[in-house]
Amino acid sequence: LPPSALDQKDAPMAPDNEKRKRYDRQLRLWGEHGQAAMEDCSVCLLNGTGAGTEALKNLVLPGIGSFTVVDGAVVTEADLGNNFFVE
């Protein structure tokens, strides 16, 4: 390969290309308009149970814009096994 091709290969990806690579599956499912809508949405999870946080994870991975968890419960050791939002 010519030196310029090597430079391009090792160069950081443009933000749009990184986004396309990260969200390729979603873009194929619902297109750019759907992905933009996902990125513009906000989610509020009430009570961060294991099921709720699993559902939230499935929204975070495709790229929701933001989320808030509202939960007044005290975290216990039992929560560590089913809730990846706590340490």
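**Labels and what backs them**

Threonine 53 has its place in helix α4, residues 50-60; helices here are DSSP runs of H or I with at least four residues, strands are E runs of at least two, and both are numbered from the N terminus. This is a predicted model, where local features need pLDDT of at least 70 and side-chain atom pairs count only at pLDDT 80 or more, while totals for chains, interfaces and linings use all residues. Residues are numbered from 1 along each chain as its sequence is written, and side-chain values use heavy atoms, with hydrogens and water left out.

Q: Why is threonine 53 called buried?
A: Buried means under 20% relative accessible area, exposed over 50%, and partly exposed in between (1.4 Å probe, protein chains only). Threonine 53 has a relative accessible area of 2%, so it is buried.

Q: What does threonine 53 touch, not counting residues up to four places away in sequence?
A: With contact meaning heavy atoms within 4.5 Å, the list is Leu45, Gly48, Asn82, Asn83, Phe84 and Phe85.

Q: Why does glutamine 35 count as buried?
A: Glutamine 35 has 2% relative accessibility, so the buried label applies. The residue is found in helix α3, residues 24-40.

Q: Why is asparagine 47 called partly exposed?
A: Asparagine 47 comes in at 49% relative accessibility, so it counts as partly exposed. Its place is in the loop between β1 (42-46) and α4.

Q: What is the phi of asparagine 47?
A: Near 65°, a positive value in a residue other than glycine. Most residues other than glycine have a negative phi.

Q: How many helices and strands does the chain have, and in what order do they run?
A: There are 4 helices and 2 strands, and from the N terminus on they go α-α-α-β-α-β. Of the 87 residues of the chain, 17% count as buried.
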